[in-house]
Amino acid sequence: MHSSDGSKTSIGGISRDRIVELRETEGAAFRKARPKSQAKVSNGLPGFFGGVPMHWMNDWPTPFPILVDSAKGAAITDIDGNRLDDFCLGDTGSMFGHSPPPVARAIRRQAGRGLTYMLPSEDALAIGPLLQQRFGLPFWQIATTATDANRFSLRVARAVTGREKILVFNGCYHGSVDETMVRLIDGKPVNRPGLAGEFRDLTRTAKVIEFNDVAALEAALKDRDVACVIAEPVLTNSCMVLADPGFHDALRRLTRETGTLLLIDETHTISTGPGGYTRKYGLDPDFFVLGKPIAGGVPASVWGMSDEVASRYAAYNRTKEPGYSGMGTTLSANPLQFATMRATLEEVMTAENYDRMDHLARRLDAGLTGVIDRYRLPWHVARVGARVEFICAPGPLRNGAEAETAHAPELEAAIHVALVNRGVLIAPFHNMMLISPATSGAQVNRLISAFGAVAAKLAA
Ligand SMILES: Cc1ncc(COP(=O)(O)O)c(C=O)c1O
């Protein structure tokens with residue numbers, strides 16, 4: 001029994017009383033270790049609505065946000081001098097470590113040469129071919145966030161197909177792209193609960209089905225009214241759901257058969273390897289999107305299109321009425337992005353770094369699984385390359401509905417704070433842990449033993 005519902009006596013196999021007790025004792029320990037931070041931020045940061053400059057900062061389960069002094073490699077130090085092994089890594093934005101040296105050098109180099117001009121620099125000459133070689137698609141554009149890269153791709157998909165609808169998988173997240181904000185609740189498509197100020201019925205233009213459900217996909221595409229399926233290759237924005245064997249083949253076959261375009265959003269699954277899940281598993285999307293870590297932590301994203309989409313889009317542009325396309329933001333494709341993206345692609349996202357990340361992620365997976373087995377917890381571990389998650393429910397999970405049920409917010413929050421107190425920072429959402437090229441074996445070992453210590457407390 002797991003639920004945020006306070007009436008449940010047991011969550012993820014742990015008694016609720018024990019979880020509440022852990023949260024309280026760990027919350028007190030967190031405060032005690034941070035007197036300076038507590039004085040500065042426990043009543044909110046001055047001048048900000050809700051006490052934080054970005055509302056997600058209030059979503060961390062710690063009693064108040066960690067006030068960071070600095071971050072380097074795979075560690076963060078707060079203003080009280082607490083050093084944390086960082087496995088959250090900015091929820092993927094710093095997946096290659098904080099300030100990777102080649103990126104820091106590129107920033108220093110570019111800092112004296114101008115930061116934005118709305119014109120290309122020589123680094124841009126290198127980036128197009130780097131993207132082509134690495135990800136396999138021939139035509140690219142640069143934006144500033146993965147959200148925008150997804151939005152622009154969907155706009156092109158609608159333009160070239162002349163179809164209004166898109167299809168998403170239940171439990172998805174593709175950034176704050178309005179039209180993807182739909183869910184299945186009791187099998188019925190609805191606007192995602194909690195959307196602020198959304199007055200449209202988004203289900204009018206978005207179909208939503210469960211991941212791994214080939215029959216539902218076939219049914220949803222058969223009317224040939226869907227412009228594009230937008231998908232992560234693995235659902236990472238819920239408790240992690242891996243693709244069933246054959247699912248991606250079916251997805252590609254059915255989209256092709258119905259003239260539907262396929263957008264693969266690799267913003268998180270770039271943890272799989274240097275060319276993402278797409279290259280590793282031979283996916284063949286019409287659009288490819290990657291944001292977050294592509295410029296080593298400097299805001300940037302890329303979206304690529306196939307030959308066929310590009311020529312259809314060029315033809316569309318020749319006939320459409322003149323005027324603003326609805327795509328583009330002023331700071332996109334600026335020279336700082338070019339410099340840092342080039343450094344990331346050439347020197348940071350290397351096969352050697354990925355080998356190392358993968359190796360340590362396997363060790364983490366095995367270590368956490370060992371702890372779960374030792375304490376006979378009804379939990380499991382899921383992994384996509386360098387991205388590992390423990391899920392406080394049995395697995396594997398097959399779709400967004402199962403992932404939603406597996407989510408155990410109260411228990412996850414208590415574990416999160418307890419890990420922070422043991423020197424380890426994991427993501428505040430669904431227990432995500434990333435291995436970067438800067439992560440050491442010692443850090444992984446510390447995480448496994450901290451997890452073991454917390455599991456022992458919970459299972460005692
Ligand atoms: C799969 C996926 N796509 C897109 C995004 C949006 O990224 P950003 O918030 O940088 O626009 C996210 C963010 O978490 C994501 O997980």
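S176 lies in the loop between β7 (165-169) and β8, where strands (E, at least two residues) are DSSP runs numbered from the N terminus. This is a predicted model, in which local features need pLDDT of at least 70, side-chain atom pairs count only at pLDDT 80 or more, and totals for chains, interfaces and linings use all residues. Residues are numbered from 1 along each chain as its sequence is written, and side-chain values use heavy atoms, with hydrogens and water left out.

**Exercise 1.** Describe the surroundings of S176.

*Solution.* Begin with accessibility: S176 counts as partly exposed because its relative accessibility is 46%, given that buried means under 20% relative accessible area, exposed over 50%, and partly exposed in between (1.4 Å probe, protein chains only). Next, setting aside neighbours within four places in sequence, S176 is in contact with T147 and M181, where contact means heavy atoms within 4.5 Å.

**Exercise 2.** Work out how β8 and β9 are joined.

*Solution.* First, strands β8 (residues 182-185) and β9 (residues 188-191) run antiparallel and are joined by four bridges; two strands pair if DSSP finds at least two bridges between them. Then, within this pair, R183 stands opposite V190 in β9. Finally, the hairpin has two residues between the strands, and D186 takes a positive phi near 50° there.
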